[in-house]
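Here is a friendly briefing to read alongside the model. Please keep the sequence and the 3D view open as you go.

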Amino acid sequence: MEDQVKKLMMGLLAYAAQRDLSVESLCHLSNVTMEELQSSHQPLSPKQVNDLWLNALHLSKDKLFGLHFGESLQLSALGVVGDIIKSSETVGKALLIAASLTHLITSDFILEVKQEEETFSVIFIPAMPEGQSSPAAIQMLDLLMVFVIHELDGLILKKIKPLSVSYARQIDDVVEYERVMRCRPVVNRDTCITFEKKYWNEPIITANYEMQSILLQKVAMLKNPAEKKALKNRIYNYLLENSYLGLVSLEDIASNFNISTRTLQRKLKEEGINFQQLADEARMVLAINYLKAGSYPVKEISYMLGYNELSAFTRTFKRWTGITPALYQKNQS
C-alpha cells in the first residue's frame, strides 16, 4: 500500500516545479532524497514533512503557498484516498469517508462533517490548540479547505460556492482567500466551510461501490503499526469479523473494548469518525460481499446485517449503490 503522506509530498514537489522552483534545492534544504520519497519501506519523519512545507514557503516567497497548492491539486495526488473519495455515491458520502481517512494524510487536523436542516458543514479541528499550530500545519489547513471546495466541482461537474467560510485565526489577504474560496472568509470560533443542503445528495459521476469496498478493505489492512492500533480500525475489523452477531450496539462495542461509551465516542471523534459511520462502512462491505457470493437470499442478508425490515435494508443499499440489493445480486449472476 502506498504511503499517502509521501504521495502528497510528491504532489507538493510537482507543484513546486510548476512554479519554477528548484525541486533539487527544495529536497536538499529539507534533507529529503527522491529515493526516500519513492521507497515503500521508510516513512518520512514529521520534521522532513514540516521542512518541505517551510522551504516551499521560503523558495516561493508565497505566504499562501498551501492555498495555491490546494487550488491546483488533483484527487490523484491523494492516491488511494482520492480513489475512495471519487468512487463514493454522493457528495455527502464522499465527505464522510474523506473525514474518516484524513489521518492517512495528516495528523495536524481531523475533519468533522455536521448536517443541519438546510445546510451541512465541514469542520477542521486542529490537533494543537489555536495559536500553537506550526506554519506547516497552517499551510496544510489552507490546502485541505480549498481542496474540499474545488474538488467537488470535478466530482459532480458543477461549480460549488459555499455559503460561508470561517477561520479561527486572522486572515491577512482576505481578497485572495475570497477569490480562491469563492466566499469572503470571516473569523469565527471554528474553522469551517458551510454548504447548502442541496449539494449533499448530488450524485458523483465516478461512483463505483464495488471498487470502493475493495479499496476500503485495503486501507483497513495498512501495515503501519500506529494505524493498526487505531481504535477505529480495531472496531471496524471487529464489526467485520463478528458480522454473525448482527447489529452490534455502541454499548456492546464499548463493553467489548472495556471502555465507557462516552470515552469510545470521544476517541473516535479524535480519529475523525463516529460509530455510526464505522457501522455503515462495515455493513456496506458485508452486504456487497454477501450479495456477490450468491449464497444467501436478500431477505436473509438483511436479517444478518441487523435490519428488522427488508424495506429498510433495501432503502439503505440503494442509498449506498444507487440500485436495490435484488438487482445488484441479479447483476452478479
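Asn 31 sits in the loop that links α2 (23-29) to α3 (34-38); helices here are DSSP runs of H or I with at least four residues, strands are DSSP runs of E with at least two, and both are numbered from the N terminus. This is a predicted model, in which local features need pLDDT of at least 70, side-chain atom pairs count only at pLDDT 80 or more, and totals for chains, interfaces and linings use all residues. Residues are numbered from 1 along each chain as its sequence is written, and side-chain values use heavy atoms, with hydrogens and water left out.

- Asn 31 has a phi near 55°, a positive value in a residue other than glycine.
- Most residues other than glycine have a negative phi.
- Asn 31 is exposed, with a relative accessible area of 60%; buried means under 20% relative accessible area, exposed means over 50%, and partly exposed lies in between (1.4 Å probe, protein chains only).
- Lys 61 also has a phi near 55°, again positive in a residue other than glycine.
- The loop that holds Lys 61 runs between α4 (46-60) and α5 (65-72), and Lys 61 is exposed at 74% relative accessible area.

**The chain as a whole**

- The chain contains 18 helices and 5 strands.
- The radius of gyration of the chain is 21 Å, close to the 20 Å that the globule rule gives for 333 residues, so the chain is as compact as a globular protein of that length; the radius is taken over C-alpha atoms, and the rule is 2.2 Å times the number of residues to the power 0.38.
- The C-alpha trace spans about 60 × 45 × 40 Å along its principal axes.
- Of the 333 residues, 51% are buried.
- The accessible surface comes to about 16600 Å², and carbon and sulfur atoms account for 51% of that surface (Shrake-Rupley method with a 1.4 Å probe; for residues, only the protein chains shown count as cover).
- Among contacts between residues at least 6 apart in sequence, 68% join residues at least 24 apart, where contact means heavy atoms within 4.5 Å.
- The chain carries 36 positive and 38 negative charges, and their mean positions are 3 Å apart.
- For that charge count, Lys and Arg are positive and Asp and Glu negative, with His and the chain ends not counted; each charge is placed at NZ of Lys, CZ of Arg, CG of Asp or CD of Glu.

**The sheet**

- The 5 strands form an open sheet in the order β1-β2-β5-β3-β4, with mixed pairing; two strands pair if DSSP finds at least two bridges between them.
- β1 and β4 (186-187) stand at the edges with a single partner strand each, so one side of each has no neighbour in the sheet.
- β1 (residues 109-115) and β2 (residues 119-126) pair in the antiparallel sense over 7 bridges, and they make a hairpin with 3 residues between them.
- Glu 112 stands opposite Ile 123 in β2, while Cys 192 in β5 is the bridge partner of Ile 123.
- β2 and β5 (residues 191-196) are antiparallel and share 6 bridges, with Phe 124 partnered by Thr 191 in β5.
- β3 (residues 164-167) and β5 run antiparallel, joined by 3 bridges, and Ser 164 has Thr 194 in β5 as its bridge partner.
- β5 is mostly covered, with 5 of its 6 residues buried.

- Gln 4 belongs to helix α1 (residues 4-18) and is buried, at 5% relative accessible area.
- Leaving aside neighbours within four places in sequence, Gln 4 contacts residues including Leu 78, Val 81 and Ile 105.
- Asp 153 is in helix α8 (residues 135-156) and counts as buried at 14% relative accessibility.
- Beyond four places in sequence, Asp 153 touches Lys 158, Lys 159, Ile 160 and Arg 182.
- Glu 178 is in helix α9 (residues 174-181) and counts as partly exposed at 30% relative accessibility.
- Not counting residues up to four places away, Glu 178 touches Cys 183, Arg 184 and Pro 185.
- The C-alpha atoms of Glu 178 and Leu 264, 86 residues apart along the chain, are separated by 38 Å.
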